[in-house]
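Me: I am new to this one and would like to learn how to read it. Could you walk me through it, feature by feature?

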Amino acid sequence: MPIHTILCPARSPLALALVIALSLPATLLARELHVSALAGDDTNDGASIERAFATLKKAASVVQPGDTVLIGDGIYTDSDPALHFGSVLTISTSGRPDAWITWRARPGHRPEIRPDCWNGIVVNASYQLIEGLAITGQNDSLTLIDARADATRPEGAPRFNMNGLIIDGRQLPPDQKPHHVIVRNCVVSKCSGGGIVALETDYVTIEDCLVFDNAWYARYANSGISSIENWAHDEAPGYHFIIQRNHVWNNRSLVPWMVTGKLSDGNGIILDVSDPKRQGPTNPNADAAVAAAAAPVANAEEIAPKPDRPHWKNRSLVANNVSAFNGGSGIHTFRTSHVDIVNNTTYHNGSVVGYEELFSNQCRDVVMTHNVIVPRPGGRVTSNHGNTDVHWDFNLYPIKQDTLAGPNDVIADPQFVSVRRDLREGDFRLQPGGPGNPSALSPWNRILADLPLGTGFGALAHP
Amino acid sequence: MKIPVPILLALGLSLASLPARELHVSALTGNDANDGSSSDRAFATLRKAAEVIEPGDTVLIGDGVYSHEEPGYDTAVLHLNKHGRPDAWMTWKAAPGARPEIRPANVWHGIRITGSYIILDGLHVTGLNDSLTLIDAMTDGLTREKDGKPYAGNPRFNTNGISVEGGKNPPDQKPHHIIIRNCVVSKMPGGGIPIIQADYVTVEDCTVFDNAWHMRYAGSGITTFHNWQHDDKPGYHIVIQRNRVWNNRTLVPWVSTGKLSDGNGILLDVTDLARSGASNPNADASVSATPAPGSGSSAVATPSPTANPNPAAAGRPKWTARALVANNLSAFNGGSGIHTFRTAHVDIVNNTTYWNGSVVGYDELFPNRSVDVVFLNNIIVPRPGGRVTGNNQNKDIRWDGNVYPIEQNVHRGPNDIVDDPQFLSIARDLRDADFRLQPGSPGRNSAVAELPQPVDLTGKTRPAGSGSDRGAFEQD
């Protein structure tokens, strides 16, 4: 496959696009590239399973718009400290609207990325689809006492602050922030820092993922799934951020946040600071969450003064997720605008920092409907602090509260089929005949198919 | 059954010679104005039964939640301070078919035992961990003074499950002959089952999990501390066997060192007589255990053991008796699976430990500054990066017949096996796990003959098959 050797020197996505546009029609360029940690070799050309590369980094160095990288079984731990603080895979070649780049497990395979550096996967580019990958951090081999000791040092060690997958626009100029990235059907667990993080990005979809046991040891107050300081690519209608159908659990922060010296966040899902002000109040409940906290920041002096983020006018959807047993909120929005939080199920969150299950704080235009919300004993369903334009209705929760209440709320035990701390073993569907079951409710609640938005309660249809 | 008043009077007058009574308690249907003599005339509170119990009596506890809260009262839901006799123990057990649950909230202990000849059987003690937050516990745990006075912490964040506590008893009246059996102790902010200044204590067939998360006193799942020897008779004086112990861990720094410490599954702590001594080199750990003011024992309560010498602790006899730790499954604890610290004369046999040490990094089986400790026929699987065992200033360690998956040379025996023990099914909630051994496991039929255990964790007779198995479970 000689073409990649021709294009290889073209490092900049712009230059690449130029070369491609000048040379060949896009349809001819789509290739399959193969990677195998078990049988590959980086001196291969990657063109077939038999000629697979050994490392993801090699694939990243030759991938072109339209390509699909098929990743075989094996454990991928290769890291390069020179690449964005170190990652197993850094994706810096953008696709195009008509030629996305796909990173996908080979059919029947379950490749696992095990980083020993700052990040599992870093996405610094656009039009990327990442599908079916497992990213597993090192929490099992760390100790809390070491993590707390590390957090008192001026510079944190990556092993205590490692993110699973980060889409990161912070180092990129305003016209090159990452956009159009889909993370689908991935399993991100046991990372000492954040699970899946989107920073200064737009058009990001995170769906059908399992995100658990992350954020325990970092000094950056991480969470399971975070979007932080969204950077608008355009103002086209429709959802720009979609976080849906994920199972998110036991993400929690056990090390104080370096900014406040206190425990903070560890949410299942957080939409953090779309508000463009550079400074603002921090979380009153635990001094939480002024952005940038979600990932390690390089030496501050190396970063040039940043241009202002465009005013965020776009909309986000958080739907059909199950978020349970996290240390912070099930779903938290902080200084963020234009979010629809619909058909989620949250359970027993807030055990570390006491945040509410669905917690909007200093936000504007947030819609919360058709959620099933079960706080832990002593926990709270929701909160309303400094918000404007919050719409709340058709939510189901077991304890009376009137912080936010809608005329169609149902106060009842939702009657889950089976509650377990490991969501892979639990069954958070609603029992037949329960209050969230359509047969027991008015016509608006008839579930016609699994989980259409705005119908039924919670994330999962009844059995 | 109704007992005429004259008979009750007679019972009161000639207790010693009369047959034991049954006393009934029901949180659901009882009334403390009843006489407790039948389930229809049950008391409502455990405390009422504790007032009237006599040696030989059995208290049958019915379904319900027991958590009496009295303003200003911060010691325990149930305090057992009476002494039975060798021929007349006092038993507290679940009524047949019942599942009574003790839920201490703002007190230092669920059950506090300062008497002797007492059996607890089949009781659930469940703490508040689900409704606490770590951030609140850290704030409370780091507060050393309030209103200019030393502050020992809010009992809400430091509640122990079942405490045997001799700290305030005179030297000749320390608690002894206590059996804690078939109990489930979970979600305690403090220690699960701490045993302090006591002798002849058995903890068996208990389930002890999710404890010690929120306390400032470095608690563990099951702890003995400062054993106070009752006599010199041979045989085991302390028995900890057939328990399942998991996810006990400390998340709040220990008040004595300002660092995380302990959170072991099982800890035998300080039988040596030094008034103070080195603390754990791994994390400045140990010198345990329970909290303070309301608990009545300044020795165990005082954050620094040297800061406030306790007269009742003076003259502790030298510990020459023996302890047995056998057939336990101890996993996913923040400290060691089984830890001995400045402790002598312990047999640690046929236990299974798995993936302990995630908070403080202690070794799975961790003797430290201990004397005469025997490790036989255990199965030991450290977490990734963890260690099988450690050896810091121990004397007279005997180690053999243990199975572990990674090579190590800290302690070695000629009959050790370095191999995967091949468990059937691992889960972080031990009620969902099955730590028995697969067919072909090297732990099967290969136990060394020394210190044979008659049964396994489930009560199954050993040996089954051509030889006894290593670890906590006997396989066919």
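**A guided reading**

Reply: Gladly, and let us start with a helix. Helix H3 of chain B, residues 134–141, is mostly covered, with six of its eight residues buried. Keep in mind throughout that this is a predicted model.

Me: Which residues of H3(B) are the buried ones?

Reply: They are Leu134(B), Ile135(B), Ala137(B), Met138(B), Asp140(B) and Gly141(B).

Me: How much trust does the predictor itself place in chain B, and what is its average pLDDT?

Reply: The average pLDDT of chain B is 90, and 87% of the residues score at least 70. Some stretches call for care, though. Residues 10–15 of chain B have a pLDDT below 50, and this stretch has three contacts in the model beyond near neighbours in sequence. Over residues 280–309 of chain B the pLDDT also stays under 50, and there the model has 108 contacts beyond four places in sequence. For the model, the scores are ipTM 0.88 and pTM 0.88.

Me: Which strands does S8(B) pair with?

Reply: One is S5(B), residues 90–94, which pairs with S8(B) in the parallel sense over four bridges. In that pairing, Trp92(B) stands opposite Leu120(B). Another is S13(B), residues 176–181, also parallel and with four bridges to S8(B). There Ile118(B) faces Ile178(B), and Ile119(B) stands opposite Ile179(B).

Me: What about the open sheet of eight strands in chain B: which strands stand at its edges?

Reply: Take the order first: S4-S7-S12-S15-S18-S21-S24-S27 of chain B, paired in parallel. The edges are S4 (76–80) and S27 (365–368) of chain B, each with a single partner strand, so one side of each has no neighbour in the sheet. From one strand to the next, the twist averages 10 degrees. For a pair inside this order, look at S21(B), residues 266–269, and S24(B), residues 338–341: they run parallel and are joined by four bridges. The bridge partner of Leu268(B) in S24(B) is Thr340(B).

Me: And chain A? How many helices and strands does it have?

Reply: Chain A comes to four helices and 33 strands. Of its 463 residues, 56% are buried. To see how a chain folds back on itself, look at how far apart in sequence its contacts reach: among those in chain A between residues at least 6 apart, 70% join residues at least 24 apart.

Me: Are the faces of S25(A) covered or uncovered?

Reply: Both are covered in S25(A), residues 358–361: Leu358(A) and Ser360(A) on one side, Phe359(A) and Asn361(A) on the other, are all buried. S25(A) pairs with S22(A), residues 331–334, in the parallel sense over four bridges, and Ile331(A) stands opposite Leu358(A). Four bridges also join S25(A) to S28(A), residues 382–385, again parallel, with Asn361(A) opposite His385(A).

Me: Last, the interior and the contacts between the chains. How many residues does the largest nonpolar core have?

Reply: It has 223 residues, and those with the most contacts inside it are Ala59(A), Ile121(A), Ile196(A), Ile111(B), Ile193(B) and Val325(B). Leaving aside residues up to four places away in sequence, Val325(B) touches Ile240(B), Ile266(B), Ile338(B), Val346(B), Ile348(B) and Asn351(B). Between the chains, 20 residues of chain B are in contact with 20 residues of chain A. The chain B side of that contact has nine nonpolar, six polar and five charged residues.

Definitions and conventions
Residues numbered from 1 in each chain as written. Chains lettered and ligands numbered in written order. Predicted model: local features only at pLDDT ≥ 70, side-chain atom pairs only at ≥ 80, totals over all residues. Pairing = 2+ DSSP bridges. Helix = DSSP H or I, 4+ residues; strand = E, 2+ residues; numbered from the N terminus. Contact = placed C-beta atoms within 7 Å. Nonpolar A, V, L, I, M, F, W, Y, C, P; charged D, E, K, R; others polar. Core = buried A, V, L, I, M, F, W, Y, C linked by C-beta atoms within 7 Å. Buried ≥ 20, exposed ≤ 12 C-beta atoms within 10 Å, placed from the backbone. pLDDT = per-residue confidence, 0-100. Axes fitted to C-alpha atoms, helices over the stretch in contact; angles between N-to-C directions.
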